[in-house]
Amino acid sequence: MRLLLLGGTKFVGRVVAEEALARGWEVTALNRGTQPAPEGVDVLKGDRTAEGGLAALATGEWDSVVDTWSWAPAAVRDSARLLNGRVGHYAYISSASVYAWPKAPGADESAGVVEGDPDETGEVGYAENKRGAELALEAEFGGGALLARSGLILGPHENIGRLPWWLNRIARGGPVLAPGPRDTPLQYIDVRDLASWTLDATAARLSGAYNVVSPTGHATTGSLLEACVRATGSDAELRWTDPERIAAAGIESWTELPIWAAPGELYDYLHTASVARAVADGLRCRPVEETVADTWAWLRAIGGEAPQREDRPNVGLDPEREAEVLRG
């Protein structure tokens, strides 16, 4: 297989490249060249936001394209137009954020979505960017493009900071504010499982929208945080705290306590999607213990500090605020 990867040096794109190389695929990546791609990738330099930034793709044919773009949708529109007729299949790593708020528990791919503009060249919201890119691909390829609507993505190379924050916090030890209930089901996708499924799907020429995230309850808040304790070998004491007490302290779900969401609309939106379609088409998710242990090993290998994506805020709870709530 000849794969064209649009991106390929950070989180999802990097892991897609690594997985494709492990399969023996020929991998070409177009990116700005600001960070090294995995060894074995044929790198073409280009900035999709600049005039002439796709010049390196003026010639060539590929069996499939995987595109991870998250910014102005016009970049996806332009690449789709340029490559149409020279690629066998186009897969786009979209996001569950394209769904309109609120979203009913158990909603599948037919749920309502936000508005998007495929011709947008400026910066709008993340959800609108992703939806605009989907519309650009629908306009160019009809229903032939694959829209992998990933949920929360965890694993090695994470550049958002969610699981790395929990690992580093628990590694420090001592009492840890653990948001309850302990048995709250979670949904997420290990980046390696996302990459593997996407490559299988593009090889099979699957098309249309798929929710690509673990079945709800694949892990719980308890199993995730307890896996962090085991992986780090910490003496941390998880102190399970009711959502009402967390809210009364003014602590924010999702941002100050990453991954977790209090019961309600936010939880329903993040952790209850139907993934029946993706599971039927081969999605398999590794155990939470493996995701946690491998992320900790990666963190230690790079010195403990995870890279931070420039368009996302830092996450995590201030230690003094945590201590205050635990004392309270």
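In which loop is Pro181 found? The points below take up this matter together with other features of the model, which is a predicted one.

1. Pro181 and its peptide bond. Pro181 is found in the loop between β8 (175–179) and β9 (185–186). The bond that joins Gly180 to Pro181 is a cis peptide bond, with omega at about -5°. As background for the reader, most residues other than glycine have a negative phi, and most peptide bonds are trans.

2. A cis bond at Pro102. Trp101 and Pro102 are also joined by a cis peptide bond, and omega is about -10° here. Pro102 belongs to the loop between β5 and α3 (126–141).

3. The backbone at His157. The phi angle of His157 is near 80°, which is a positive value in a residue other than glycine. His157 is found in the loop that runs between β7 (153–154) and α4 (162–172).

4. The sheet. Strands of a sheet pair through backbone hydrogen bonds, either parallel or antiparallel. In this model, seven strands form an open sheet in the order β3-β2-β1-β4-β5-β6-β11, and their pairing is parallel. The edges are taken by β3 (42–45) and β11 (208–212); each has a single partner strand, so one side of each is left without a neighbour in the sheet. From one strand to the next, the twist averages 20°.

5. Strand β1 (residues 2–6) pairs with strand β2 (residues 26–31) in the parallel sense, over five bridges. Within this part of the sheet, Arg2 stands opposite Glu26 in β2.

6. Helices across the sheet. Helix α2 (residues 74–83) lies across β1, β4 (64–67) and β5 (90–95), and runs at about 170° to β5. Helix α5 (residues 191–203) lies across β1, β4, β5, β6 (146–150) and β11, and its angle to β6 is about 165°.

7. Charged pairs. Side chains of opposite charge can pair when their charged atoms come close. The structure holds 22 salt bridges. One of them links Arg14 with Glu18, whose closest N and O atoms are 3.6 Å apart. Both residues lie in helix α1 (residues 11–22), where Arg14 and Glu18 are four residues apart, about one turn of the helix.

8. Rolling a probe the size of a water molecule over the atoms shows where empty space is left. A search of the whole structure finds one cavity of 30 Å³ or more, and the largest cavity holds about 30 Å³ of space. Its lining consists of Trp166, Leu186, Thr221, Leu224, Leu225, Pro258, Ile259 and Trp260. Helix α6 (residues 221–232) gives the most to this lining, with three residues. By class, the lining of the largest cavity has seven nonpolar residues, one polar residue and no charged residues.

9. The second largest pocket. About 230 Å³ of space lies in the second largest pocket. Among the residues that line this pocket are Ile160, Gly161, Pro164, Trp165 and Asn168, together with Gly304, Glu305, Ala306, Pro307 and Gln308. Asn314 and Val315 also belong to the lining of the second largest pocket. By class, the lining of this pocket has six nonpolar, five polar and one charged residues.

Key
Residues numbered from 1 in each chain as written. Predicted model: local features only at pLDDT ≥ 70, side-chain atom pairs only at ≥ 80, totals over all residues. Heavy atoms only, no water. Pairing = 2+ DSSP bridges. Helix = DSSP H or I, 4+ residues; strand = E, 2+ residues; numbered from the N terminus. Axes fitted to C-alpha atoms, helices over the stretch in contact; angles between N-to-C directions. Contact = heavy atoms within 4.5 Å. 1 Å grid on protein atoms, 1.4 Å probe; cavity = no way out; pocket = protein on both sides within 12 Å on 5 of 7 lines; lining within 4 Å. Points joined across faces, edges and corners; volume = space filled by probe spheres on them. Nonpolar A, V, L, I, M, F, W, Y, C, P; charged D, E, K, R; others polar. Salt bridge = Lys/Arg side-chain N within 4 Å of Asp/Glu carboxyl O.
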